[in-house]
Amino acid sequence: MANSLPTEFDVIVMGTGLPESILAAACSRSGQRVLHLDSKSYYGGNWASFSFPGLLSWLKEHRQNSDTGEESPAAWQDMIHETEEAIPLCKKDETIQHAEVFCYASQGMDGNIEELDALQKNPSCVASSTLIKPLNSACLSEETHSSRVTSYEVPTQDTPKNNEEITDTAETSVKEEYCGYNTYKHTVSDGTKDEIRPALEDNSVPPKRKRITYSQIVKEGRRFNIDLSSKLLYSQGLLIDLLIKSNVSRYAEFKNVTRILAFREGKVEQVPCSRADVFNSKELSMVEKRMLMKFLTFCLDYEQHPEEYQAFTQCSFSEYLKTKKLTPSLQHFILHSIAMTSESSCTTVDGLKATKNFLQCLGRFGNTPFLFPLYGQGEIPQCFCRMCAVFGGIYCLRHKVQCLVVDRESGRCKAIIDHLGQRINAKYFIVEDSYLSEETCSSVQYKQISRAVLITDQSVLKTDSDQQISILTVPPVEPGAHAVRITELCSSTMTCMKDTYLVHLTCSSSKTAREDLESVVKKLFTPYSETEVDQEELPKPELLWALYFNMRDSSGVSRSSYSGLPSNVYVCTGPDCGLGSEHAVKQAETLFHEIFPSEEFCPPPPNPEDIFFDSDEKPAEPLGTNNIIMAKLESSEGSKNLESSGKHLQN
């Protein structure tokens, strides 16, 4: 029970995001007594993944949290001694802003059809364009979508109970409350009156596109695993190496990203990556193929030929590419789909380094450099939490910490006081950035990430296979704007229901998420229409449901920016805007070596055959001498091992 926690630990970790979870696992693995707390009811923080009903509950919880005023001072102040002082922690999560939800799919047979028909006649009933409003909100701002838009509010019944996880919300509860959504619908067609055209009744027409209704999405809601932070794993990246080295990879399975796409001249094209892809490509001429292979070969060992780029170190990478006699299409592919860099801010050296990293990751597990964890990115923090628990770490969710207790004489933090009034002592404290109060963060300048999550009915680039995992970069239209990274996931990733795709959009924020990303959504997708349309007449995928929100990016904040933190309190940041998780792994390793300089970071676990108790006569072999490091990978054909079970890992 939470009120009977031990009172002495070596390390207390607050927050279960990826860097905190890695640190907790590393500390527990090195023999430290670890207490890992999270004020939320789920693992992962802003790295979490939710089922569809779980995501609606998360939105509901966020809105209620935003509306909650400051709580009255708690009794913890009486527990502070004269020789101590307290650093209060933040009472609510303010890392998510401007959350907006839009449902474009029809309600289906289970929906409140009478209410929809009545509301459709009222031109004032249009989708919400502000933060999620209360259930009784009647005044909705005007929307400019060219097709029918449906806005709804999250049902109160989806809020998790004290003893339940958000992601474990019962499917039956969601289905029963489905008719309780406040749903609004409106059709705008160039100023003309609202109308619903009848479906074609001719039996001779070609097969119609399969229609997905909102009631189907709700019914199959537990098949979704929706990431708050959209990431991929570089096959030669730090996170994959750490997963294999520590044997945490045995807790997860992965799939190859199957396609790298590019958006050019209004069309989505597949980018050839490997040598075989280049020479099999029908979009490139033979001359272009030779030019591309020559440049990519140079990038693999560009450091050995400084004379090739030394004169362009002060130029942007895009300007450097123009000097290499590459065609505009090749320049576009390299800049936006291989290097995946900014056209204006990326230097020549950074572009060459990014291109080399991309090429080095090819071929380790597939024909693209990336892997995606089955069931979503939120599985990765949980894997490290599992490792921490295996080595004795103690976990408590829904456990709030009210303050840090600091000794005035030494200036070091010595304890925490939780929401139950229990005082827990420790030597070191690791805190996720969102737990710190406004006073502590008064000098911090945060960046923001614009995020969108879409549910669609088809892929942005149709092929014979409907089980494609794709990554696409849409370059900015205006100078100085940010490129938008798109990850499209199919149902075989266990992140969405059959016959749908889950699409993540990410970019650095300049405005609200909807303002940053909606123009890209309109380029690639068509809002769902009631009208039955032949597949040939509708080239774009249909958009069924959309969520926009802004997420705090604290990755660039230095420790010196925080005010009044004791020397033994270490801060972990949330997700950054990058594609990989390299920043989180580097941060976790750096902080671990600051705390325990002489300890190895996440060493391989001992082989069970090497473990002997005191009563055993045979001495144990040194750790790591007989380790077989395993990891699972599910390719497009099925599951297979990252490394075969009879071989040692070869980096």
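Here is a friendly note on a few places to look at in this structure.

1. **Before you start.** This is a predicted model, in which local features need pLDDT of at least 70 and side-chain atom pairs count only at pLDDT 80 or more, while totals for chains, interfaces and linings use all residues. Residues are numbered from 1 along each chain as its sequence is written, and side-chain values use heavy atoms, with hydrogens and water left out.

2. In α10, 10 of the 11 residues are buried; buried means under 20% relative accessible area, exposed means over 50%, and partly exposed is in between, using a 1.4 Å probe and protein chains only. Among the buried residues are Phe333, Ile334 and Leu335. What lies over them? The cover includes β11 (259-264), β12 (267-270), α8 (286-300), α9 (317-322), α11 (348-361) and β20 (470-474).

3. **Two helices that pack.** Two packed helices are described by the angle between their axes and the distance between the axes. Helix α6 (residues 238-246) and helix α14 (residues 582-595) pack at about 55°, with axes 8 Å apart. Axes here are lines fitted to C-alpha atoms, for helices over the stretch in contact, and angles run from 0 to 180 degrees between N-to-C directions. Angles under 35 degrees count as roughly parallel, over 145 as roughly antiparallel, 65 to 115 as roughly perpendicular and the rest as oblique, so α6 and α14 are oblique to each other.

4. **Who meets whom.** Leu238, Leu239 and Leu242 of α6 are in contact (heavy atoms within 4.5 Å) with Glu582, Val585 and Lys586 of α14.

5. **Val406 and its neighbours.** Strand β15 (residues 401-407) holds Val406, which is buried at a relative accessible area of 3%. The C-alpha atom of Val406 is 6.0 Å from that of Ala86, although the two are 320 residues apart along the chain. Leaving aside residues up to four places away in sequence, Val406 touches several others, including Thr83, Ile87, Cys413 and Pro566.

6. **Cysteines.** How many disulfides does a search of the whole structure find? The search finds zero, with a disulfide being a pair of cysteine sulfur atoms within 2.5 Å. For Cys413, the nearest cysteine sulfur belongs to Cys403, 8.7 Å away. Cys413 is buried at 3% relative accessibility. The sulfur of Cys490 has its closest cysteine sulfur in Cys496, at 6.7 Å, which is too far for a bond; Cys490 is buried too, with a relative accessible area of 0%.

7. **A loop glutamine.** Gln422 sits in the loop between β16 (413-418) and β17 (423-425). Is Gln422 buried or exposed? Gln422 is buried, at 14% relative accessible area. The side chain of Gln422 reaches the backbone oxygen of Leu5 at 2.8 Å.

8. **Positive phi values.** Most residues other than glycine have a negative phi. His98, in strand β5 (residues 96-103), has a positive phi near 55° and is partly exposed at 34% relative accessibility. Tyr375, in the loop between β13 (370-373) and α12 (379-390), has a positive phi of about 75°, and Tyr375 is partly exposed at 39%. Met340, which follows α10, has a positive phi near 55°.

Definitions and conventions:
Helix = DSSP H or I, 4+ residues; strand = E, 2+ residues; numbered from the N terminus. Polar contact = N/O pair within 3.5 Å; in protein donor to acceptor, adjacent residues only side chain to side chain.
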